[in-house]
Amino acid sequence: MTNVSTTYQYNGYSSYQPNMLNSQDWVDKANQDAEKIKNNTTSKTDSTSKTDSTSSTSGSSSAISVGSSASTSTFLLAYQSQLEDLEASASKLQMSSKDNVFSKYDEAVKKATEDPSEKNTQAVDKALDNIVSAFKDLANKYNNTMSFLSNNVERGSGISAQMEAFKRMMPHEKTLNALGMGYDKNGKVTFDEDTFRENWEKDPNQIKDLMGGQFGIAERVGSKATAVLDSSVDKVIGSEEGAATGAYKHSGSSTNTNTTTSFTKSSQMSESFMQFASFARSGAFNLSNYYTVSMLNMLV
């Protein structure tokens with residue numbers, strides 16, 4: 001009887017002997033899906049989401065979208081990109097964050113007060129324009145994230161739970177109105193630049209506190225995005241059983257609201273989240289192994 005010896009290697013990717021199942025087609029397809037998501041963004045403009053005449057604009061919406069047939073790894077990569085964009089956008093409006101737009105405005109005002117030259121005066125106007133742009137960007141990134149989740153609710157109970165959690169990060173419309181913001185009839189966040197500038201002239205400090213202060217909107221939204229990025233796969237996706245038992249696995253990381261946090265595109269997802277993505281990209285064999293090991297862990 002001839003003994004057949006088969007070896008496996010894992011250095012981030014799996015390798016197979018010639019007599020093993022060739023999963024290269026699966027890997028190529030997954031990579032193609034990821035590239036399509038990365039390079040092709042779909043502009044979604046809802047004609048029914050226009051605000052009334054008192055609101056000048058709600059901002060354009062350009063959101064990454066994945067079809068219901070896309071693989072879980074493709075969905076996770078797309079969702080990671082959405083969350084990192086939202087996280088970075090929120091960081092610009094947090095006064096505890098380095099180089100936030102409010103601090104830059106205050107610096108420009110200080111220089112203009114000391115030397116009211118045309119150059120310094122224009123710098124103040126530019127700094128205020130940057131604040132306006134940051135508000136628009138946050139509204140757009142938030143709407144994009146909510147639209148992405150809404151289009152993927154069928155993937156698990158965790159998606160619906162995250163939608164509700166993100167909604168709770170936004171305050172009552174009365175509070176938003178003080179920032180020149182609000183909700184349209186579809187629940188999307190809107191931003192009216194004219195109203196914002198009027199309110200800024202009246203009380204800029206109130207706007208800074210509501211948006212950029214401790215427990216302000218930017219911190220709440222940014223912290224939620226970070227919390228999801230730090231979550232395990234089963235919490236991100238969720239399941240009926242997991243939702244009922246609360247049997248979710250979390251990395252245990254936390255965000256200190258009193259500490260300046262730098263939100264960048266290199267934000268690290270939890271070990272279990274990234275481990276799944278690595279296994280999924282490496283081939284069908286490892287993807288199957290991931291679920292097998294997970295089920296075995298349940299028996300330990």
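This is a predicted model: local features need pLDDT of at least 70, side-chain atom pairs count only at pLDDT 80 or more; totals for chains, interfaces and linings use all residues.
Local features need pLDDT of at least 70, side-chain atom pairs count only at pLDDT 80 or more, and totals for chains, interfaces and linings use all residues. Residues are numbered from 1 along each chain as its sequence is written, and side-chain values use heavy atoms, with hydrogens and water left out.

The structure holds six salt bridges. A salt bridge here is a side-chain nitrogen of Lys or Arg within 4 Å of a carboxyl oxygen of Asp or Glu. Helices (H or I, at least four residues) are DSSP runs, numbered from the N terminus. Buried means under 20% relative accessible area, exposed over 50%, and partly exposed in between (1.4 Å probe, protein chains only).

- Asp106 and Lys208 pair through their side chains, at 2.6 Å from N to O.
- This pair links distant parts of the chain, 102 residues apart: Asp106 lies in helix H3 (residues 101-114) and Lys208 in helix H8 (residues 204-212).
- Asp106 is partly exposed, at 35% relative accessible area.
- Lys208 is buried, at 8%.

- Lys136 and Glu193 form a salt bridge of 3.0 Å, N to O.
- Again the pair links distant parts of the chain, with Lys136 in helix H4 (residues 118-150) and Glu193 in helix H7 (residues 193-202), 57 residues apart.
- Lys136 is partly exposed, with a relative accessible area of 29%.

- Glu164 and Lys167 form a salt bridge of 3.5 Å, N to O.
- Both sit in helix H5 (residues 157-169), three residues apart, so about one helical turn separates them.
- Glu164 is partly exposed at 41% relative accessibility, and Lys167 is partly exposed at 42%.

**Helix H9**
- H9 (residues 217-229) has 13 residues and spans 18 Å from its first C-alpha to its last, close to the 18 Å expected at 1.5 Å a residue.
- That expected span is 1.5 Å times one less than the number of residues.
- H9 is mostly covered, with ten of its 13 residues buried.
- Among the buried residues are Ile217, Glu219, Val221, Thr226 and Leu229.
- The cover over the buried residues includes helix H2 (72-91), H4, H5, helix H6 (173-177), H8 and helix H10 (233-237).
- Contact means heavy atoms within 4.5 Å.

Note on methods
Helices (H or I, at least four residues) and strands (E, at least two) are DSSP runs, numbered from the N terminus.
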